[in-house]
Amino acid sequence: MKKTINLIIIVSLLFSCSEDFLDRQPEDALSTGAFYNNPSEIKAGLAACYAPFQNIYSRNQVPQYLEISSDDGKDVLWQSNDYLLKKNTGNSRPNFWRDHYKVIVNSNNIIDIIEDYTPLNAEEENLVKVYQAEAKFLRALAYFNLVRLYGDVPKVVDRLDDPNQAIGIGRTSKDEIYSSVIIPDLEAAIEGCLKKDDGGLQGEEARATKGAALTILGKVYLTINNPTMAEAILKRLIVDKEAGNYSLLSNFEEIHQPDNKFNEESIFEINYNAALGQPNFLFKWMTNENGYLYGIASGGGPIVMFNFMKEFVEDNDWIDEPDWSRYNATLDSGKLEGGSPELQPWPKKFTPETSTLAQYNITGTDFNYMVTRYADALLMYGEALVANNKASEALPYFNMVRERAGLKGLIVDQLDIEQILHERRVELAFEGHRFFDLVRTGKAVEKISWALMNVVGFDARIFTTEPIEEYQLLLPIPVAEIQKDASLNQNPGY
């Protein structure tokens, strides 16, 4: 009886409404010995697969690392090893490794549990198949992040009764992880997850959908340099509407607002709810001086690099009157009278009105973190079309995004990789895309080195005079993991 009551509480917290979905259950580890008697109990187990993402995408975790390591952001002192890309084995971010493998292990367990479960009827069978498809999506997303962060990683896809069974597996090549786990799992998720606006998702919109699986698979194919497959997959989302109806919001400023969660532009987002103990603190991405101004404890960053501000401001070929709404929703200039320097710009997408910031200093906010949205999909589809020598077909997808920002459309001759990266940079800033975009297009060493070695605006502190080394684009394998498992070798350069 006690077990049944606990499961009801967990499901109520995680799934009862869009505001409550994915609020962490008491423990986010799924016991291998748990016994599941019905779909409701399986659903509660599935929640443990989602839960670690709230930590993965929190303030000081993956989003911070990706922004500080790109040419968009820096730490507040401009000299961290992540920012300068001079990491050593002490900068391995072991929590990234641990939390992603927690998703993987929990997903493996629930996938296996569903395989062994005997449904009582067709309705139950359909229900648990959806849950299994969602677990495969989450496992794929976790592995996709891991191979982009660390390179080759251990392949664990079976249910383990003892964690020690994973020791000795060693590192599996990222190519095999893509071909044998990420791609098949996303294909299964496309087949089994619900479409956007399906009645089964009402009040539970934070769950993975067919559209999320299509979008991430399109991104996977771009990452492994297969634009033909990327085009085919993203066409199913954008042109064929296989996953339901997505569209750009008319007002950029409304995309990330907490009272507009899971809107028509949203494809997959991580849900936060301060009242239920799952707050978002991304609004603290600012300098200490700005924090003092607004009454919050900040520091650490990322804060905005001036080369990014300059590129953003110079893209001003307006359709009509100047429209700075996208710029103003993306960053604050951080103007401080008597400050040092006097401009200290900071990311603004996940920030309430500055006049109200002090009230969230301890409690945090309800802002969600969008892993991907429709503008990302449109720009990826356009990129794939250009790579497949279909630039004229690609043009409308870039221009849909530009025109929403009040900018004139491009012409075919402008669609080169520099323009494509620019469009993604200004549209998707501080949403976790820029660093990975630079790496997958082979531009990371060039762009990040330039940003570190050149004075732009108030970015006058130059701590490096040499280009970054390519091995720095991967994190070192956490030393504690190598100490536990001798089959794990360290990444080159570390």
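The model described here is predicted. Arg 93 lies in the loop between H5 and H6, and its phi is positive, about 50°, although the residue is not a glycine.

Leu 85 is placed in the loop between helix H5 (81–84) and H6. Its phi is near 50°, again a positive value in a residue other than glycine. Leu 85 counts as buried, because its relative accessibility is 4%. Most residues other than glycine have a negative phi, and most peptide bonds are trans.

## A cis peptide bond

The peptide bond that runs from Ser 340 to Pro 341 is cis, and its omega is near 0°. Pro 341 belongs to the loop between strand S4 (331–332) and strand S5 (346–347).

## Val 105 in helix H6

Helix H6 spans residues 94–116 and contains Val 105. This valine has a relative accessible area of 32%, so it is classed as partly exposed. Between Val 105 and Leu 160 there are 7.8 Å in space, C-alpha to C-alpha, while the two are 55 residues apart in sequence.

## Packing of H8 against H9

Two packed helices are described by the angle between their axes and the distance between the axes. For helix H8 (residues 174–192) and helix H9 (residues 210–223), the axes come within 8 Å and cross at roughly 150°. An angle over 145 degrees counts as roughly antiparallel, which means that H8 is roughly antiparallel to H9. The crossing of H8 past H9 is left-handed.

On the H8 side, the contact is made by Tyr 178, Ile 182, Ile 183, Leu 186, Glu 187, Ala 189 and Ile 190. H9 contributes Lys 210, Ala 213, Leu 214, Ile 216, Leu 217, Val 220, Tyr 221 and Thr 223. By type, the residues of this contact are twelve nonpolar, one polar and two charged.

## Nonpolar cores

The largest nonpolar core holds 133 residues, and those with the most contacts inside it are Phe 137, Tyr 143, Ile 182 and Phe 268. Helix H7 (residues 122–150) gives the most to this core, with 15 residues. A second, separate core has five residues, including Leu 249, Ile 255, Ala 329 and Met 370.

Ile 182 is named both in the contact of H8 with H9 and among the residues with the most contacts inside the largest core. Leaving out residues up to four places away in sequence, Ile 182 touches Ala 140, Tyr 143, Phe 144, Val 147, Ile 177 and Val 220. One of these, Val 220, belongs to the H9 side of the helix contact.

Helix H16 (residues 417–427) is largely enclosed by the rest of the structure, because nine of its eleven residues are buried. The buried residues in H16 are Gln 419, Ile 420, Leu 421, His 422, Glu 423, Arg 424, Arg 425, Val 426 and Glu 427.

Arg 326 is found in helix H13 (residues 325–330). Its relative accessible area is 3%, so Arg 326 is buried. With residues up to four places away in sequence not counted, Arg 326 touches Phe 252, Phe 312, Val 401, Ala 405, Leu 407, Val 426 and Glu 427. Val 426 and Glu 427 are among the buried residues of H16.

Definitions and conventions:
Residues are numbered from 1 along each chain as its sequence is written. This is a predicted model: local features need pLDDT of at least 70, side-chain atom pairs count only at pLDDT 80 or more; totals for chains, interfaces and linings use all residues. Side-chain values use heavy atoms; hydrogens and water are left out. Helices (H or I, at least four residues) and strands (E, at least two) are DSSP runs, numbered from the N terminus. Buried means under 20% relative accessible area, exposed over 50%, partly exposed in between (1.4 Å probe, protein chains only). Axes are lines fitted to C-alpha atoms, for helices over the stretch in contact, and angles run from 0 to 180 degrees between N-to-C directions. Angles under 35 degrees count as roughly parallel, over 145 as roughly antiparallel, 65 to 115 as roughly perpendicular and the rest as oblique. A crossing is left-handed if the near helix is turned anticlockwise from the far one by less than a right angle, and right-handed if clockwise. Contact means heavy atoms within 4.5 Å. Ala, Val, Leu, Ile, Met, Phe, Trp, Tyr, Cys and Pro count as nonpolar, Asp, Glu, Lys and Arg as charged, and the others, Gly among them, as polar. A nonpolar core is a set of buried Ala, Val, Leu, Ile, Met, Phe, Trp, Tyr and Cys residues joined through side-chain atoms within 4.5 Å.
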